[in-house]
Amino acid sequence: PTTTAGTVPLDGRPLHNGRDGSVLGIQHPRLALLRATVCEDVRDAAGTDEEAAHAALRAVGLDPDRFCERPVHELGGGEQRRVVLAGLLAAHPRVLVLDEPLAGLDKAAQNVVREALHALRAAGVTLIIVTHDTAALDDLADATLTIADGRVEGLPPAPPLDAASLAPTAGAASPSGPRRQYRFSVKCGSE
C-alpha cells in the first residue's frame with residue numbers, strides 16, 4: 001500500500017499550520033497569498049505589525065519600499081514565493097515546514113532564501129523541508145529522510161517531537177551556526 005496520509009506531533013498534539021509554533025509553506029505560493037497587497041499579506045499571515053513585516057521582507061531580499069504596496073497579483077512566481085516565506089518568517093515559528101522552497105527561483109533569489117533559512121536555523125528554528133533538490137539544501141540538514149515506495153527511510157524510529165526534543169543537543173559547529181540534532185518521528189497511514 002502507498003502512504004497517503006500521516007501526522008507529526010508537536011508537544012503531544014498533531015502539528016497544525018498556524019501561529020501556535022508551527023507554520024507550513026506550500027509549493028504553489030499564489031494559493032497562499034490571501035490579501036490585496038504584499039504588506040497586508042505578510043502582516044495577516046503572521047499576525048504582526050508593519051515593522052516586523054518589513055524586516056521579514058528584507059530577510060527574503062524584497063525591499064519593503066518597493067514591494068509593500070504592490071498588489072500580490074502583479075508579482076512574479078519567485079516574488080510570490082518570497083512573500084509567502086516572509087509571512088512565515090514574521091510569525092517566528094519554532095517549526096517551519098516548507099515544500100520545495102527553491103522551486104521557481106532564479107539563482108540570486110535561491111541564495112537569498114538559503115541565507116534566510118540558515119539564519120532561521122542559527123536562531124534555533126526547526127526546519128522540515130520537502131524537496132526533490134536535496135543537494136541545494138544539504139548543508140541545512142542534520143538528517144535526511146527519503147520516502148520510497150510509500151516507506152520512510154533514513155532514520156531509526158524515534159520518540160515523537162515535543163518541546164524537550166526541540167532543545168538543541170551538543171554537536172559540531174558549522175558555518176551556519178551550531179549543528180543541532182532533533183528527535184522526531186513520522187507517522188504514516190494508508191487509505
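A: Before the first residue, one term: contact means heavy atoms within 4.5 Å. Please also note that this is a predicted model.

Q: Understood. Leaving aside neighbours within four places in sequence, which residues is Arg82 in contact with?
A: With that exclusion, the contacts of Arg82 are Val60, Gly61, Leu62, Leu105, Ala109 and Val113.

Q: And where is Arg82 found?
A: Arg82 belongs to helix α4, which covers residues 77–90.

Q: Is Arg82 buried or exposed?
A: Arg82 is buried, and it has no salt bridge. The nearest side chain of opposite charge is that of Glu79, 5.3 Å away.

Q: Changing topic, in which helix does Glu50 lie?
A: Glu50 lies in helix α2, residues 50–59.

Q: How far apart are the C-alpha atoms of Glu50 and Glu40?
A: They are separated by 8.6 Å, with the two residues 10 residues apart along the chain.

Q: Now the packing: at what angle do the axes of α1 and α2 cross?
A: The crossing angle is roughly 105°, and the axes of α1 (residues 38–46) and α2 come within 9 Å. Helix α1 is therefore roughly perpendicular to α2.

Q: Which residues meet there?
A: From α1, Val38, Cys39, Val42 and Arg43 meet Glu50, Ala53, His54 and Leu57 of α2. The residues of this contact comprise five nonpolar, one polar and two charged.

Conventions. Residues are numbered from 1 along each chain as its sequence is written. This is a predicted model: local features need pLDDT of at least 70, side-chain atom pairs count only at pLDDT 80 or more; totals for chains, interfaces and linings use all residues. Side-chain values use heavy atoms; hydrogens and water are left out. Helices (H or I, at least four residues) and strands (E, at least two) are DSSP runs, numbered from the N terminus. Buried means under 20% relative accessible area, exposed over 50%, partly exposed in between (1.4 Å probe, protein chains only). Lys and Arg count as positive and Asp and Glu as negative; His and the chain ends are not counted. A salt bridge is a side-chain nitrogen of Lys or Arg within 4 Å of a carboxyl oxygen of Asp or Glu. Axes are lines fitted to C-alpha atoms, for helices over the stretch in contact, and angles run from 0 to 180 degrees between N-to-C directions. Angles under 35 degrees count as roughly parallel, over 145 as roughly antiparallel, 65 to 115 as roughly perpendicular and the rest as oblique. Ala, Val, Leu, Ile, Met, Phe, Trp, Tyr, Cys and Pro count as nonpolar, Asp, Glu, Lys and Arg as charged, and the others, Gly among them, as polar.
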